[in-house]
Amino acid sequence: MRVSVIGCGYLGAVHAAAMADLGHDVIAVDVDAEKIATLRAGLPPFFEPGLPEILSTSLASGRLNFTTEMADVAGATVHFIAVGTPQSDASGAADLRFVDAALDALIPHLGPQDIVVGKSTVPVGTAERLAERLLTAGSTATLVWNPEFLREGFAVKDTLAPDRLVFGVAQGTGHDAALRALHEVYATAIAGGVPVVETDLATAELVKTAANAFLATKISFINAMSEIAEATGANVTELADAIGYDTRIGRRFLNAGVGFGGGCLPKDIRAFSARAEELGLGDSVAFLGEVDAINLRQRQRVIERVLTEGGGAETGLTVAVLGLAFKPHSDDVRDSPALDVALGLVAAGATVVAYDPEAMGAAQKRFPELVVAKNVDQALLGADIAVLVTEWPEFVELDPRRVGDLMTHKRIVDARNVLNPAQWRAEGFHYSSLGRP
Ligand SMILES: NC(=O)c1ccc[n+]([C@@H]2O[C@H](COP(=O)([O-])OP(=O)(O)OC[C@H]3O[C@@H](n4cnc5c(N)ncnc54)[C@H](O)[C@@H]3O)[C@@H](O)[C@H]2O)c1
């Protein structure tokens, strides 16, 4: 099929390359000329395992092209909208300006039978509004919603073989043709057994919002338990193991630590709350305010723990911050708990030296004053205390003896509960984590 992808960020660039990898002819558009030049050269503008490979094979095959000119999408029949929907500063609501602008720019180039596929995460009701916008502009193209569930770090795999596909299509003219087109686009995944949920526009939008709200709640739940565990001498990891054996609960997303971040969960729960308020249903999701508060409290908890364990910032404390990305296998520092901890420690007066295998460029772009090391050893050298904030394998596998030799004092705060306390203590470390004695 001939498809276009509008927006070449973490979602769109992977989607475009994956669509071409599946055999479709893809034209990918972004307003960011620098990003397009980088992608054309076969260089992903961000770190994502597996993306360089499918990018270069798809570019070499001639099936993948990048442009800044929306007019180049003419000839494609399925158009994916993958632009950003960041948090608007004031209310927490999603900022839909990019979605509206992308659609408006696309409309003049649409054929009468084309399908416009929304992939961005949007508040419920947006798709209906955009469908009306199409109609008002005189277009007979059909607007559908096909939310994206990819996880950064696993984005290529998740795009090629997702857990499920959700096709939100309104009843009426274009319904059957749109479904047929979506089935054709995703034929490989569907043939491989990926389940498809066919539904209406509002449900499709809500599936994404609800999934992220649930995941965020699960993380904040276990973090709330870690606060209780800590005050009572209980062990939150053993608690999570034990409740996780219950298949109704499940063990995944039950790791206590510094909490969630990134370009999705935090903004998506805030946008959900804002949308519910608009609908007069704020009470229905009022718990998401608490989920957010627990999550942000974790960052403060870690900062305070480092200061306390290190003897206070006023002592001229030097802290090695291990991690800046919001999670491992990504360079994304949007709303990153790790970055917030690093900046919070600087604000408290500590001397911070940070290291992340992939995210230092992104972090320094935002905060040029942040001091970063060339490698983990350099970050640890002479530090009074280390704090592990992003669970990169390189940090999880650190040898406590070698780390102890580099540091001035053997103190570590494990803000992801991923190190073996006995092993670190055996090497003379003062080891501290969240919710574990
Ligand atoms: N990143 C993820 O893991 C992920 C997962 C699922 C869903 N989503 C959702 O996908 C959407 C995109 O997220 P992202 O992380 O890729 O954001 P991003 O900021 O990395 O990328 C957005 C891109 O859209 C481009 N853009 C903005 N306006 C444009 C326009 N008018 N025309 C063409 N391009 C335009 C920007 O230049 C940017 O490159 C969001 O709604 C997000 O919530 C993201």
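Where is the place of G310? G310 sits in helix α12 (residues 287–310). The notes below start from there.

1. Basis. This is a predicted model, in which local features need pLDDT of at least 70 and side-chain atom pairs count only at pLDDT 80 or more, while totals for chains, interfaces and linings use all residues. Residues are numbered from 1 along each chain as its sequence is written, and side-chain values use heavy atoms, with hydrogens and water left out. Helices (H or I, at least four residues) and strands (E, at least two) are DSSP runs, numbered from the N terminus.

2. G310. At 6% relative accessibility, G310 counts as buried. Buried means under 20% relative accessible area, exposed over 50%, and partly exposed in between (1.4 Å probe, protein chains only). Leaving aside neighbours within four places in sequence, G310 is in contact with T315, L317, I385 and R411. Contact means heavy atoms within 4.5 Å. The C-alpha atoms of G310 and A386 are separated by 9.1 Å. Along the chain, G310 and A386 are 76 residues apart.

3. S226. Helix α9 (residues 201–232) holds S226. S226 is buried, at a relative accessible area of 0%. Neighbours within four places in sequence aside, S226 is in contact with V236, A256, Q298, R301, L434 and G435.

4. Helix α1 against α3. Helix α1 (residues 12–21) packs with helix α3 (residues 51–61) at an angle of about 55 degrees, their axes 9 Å apart. That makes α1 oblique to α3. Axes are lines fitted to C-alpha atoms, for helices over the stretch in contact, and angles run from 0 to 180 degrees between N-to-C directions. Angles under 35 degrees count as roughly parallel, over 145 as roughly antiparallel, 65 to 115 as roughly perpendicular and the rest as oblique. The crossing of α1 past α3 is left-handed (the near helix is turned anticlockwise from the far one by less than a right angle; clockwise is right-handed).

5. Contact residues. From α1, A13, V14, A17, A18, A20 and D21 meet L51, I54, L55, T57 and S58 of α3. By class, this contact has eight nonpolar, two polar and one charged residues. Ala, Val, Leu, Ile, Met, Phe, Trp, Tyr, Cys and Pro count as nonpolar, Asp, Glu, Lys and Arg as charged, and the others, Gly among them, as polar.

6. Cover of α1. Helix α1 is mostly covered, with nine of its ten residues buried. Among them are G12, H15 and M19. G23 follows α1 and has a positive phi, near 110 degrees.

7. Aromatic pairs. The structure holds six aromatic pairs. The rings of F80 and Y186 have centres 6.5 Å apart and planes at 75 degrees, so this pair is edge-to-face. F80 is in strand β4 (residues 78–81), and Y186 is in the loop between α7 (175–185) and α8 (187–191), 106 residues apart. Rings of Phe, Tyr and Trp (its six-membered ring) pair if their centres lie within 6.5 Å; planes under 30 degrees apart count as stacked, over 60 as edge-to-face and the rest as tilted. F80 is buried at 0% relative accessible area, and Y186 is buried at 3%. F80, F167 and Y186 form one aromatic cluster.

8. Y355 and F395. Y355 and F395 form an edge-to-face aromatic pair, 6.2 Å centre to centre with 75 degrees between the planes. Y355 lies in strand β10 (residues 351–355) and F395 in helix α16 (residues 393–396), so the pair ties together parts that are 40 residues apart in sequence. Y355 counts as buried at 9% relative accessibility. F395 is buried at 0% relative accessible area.
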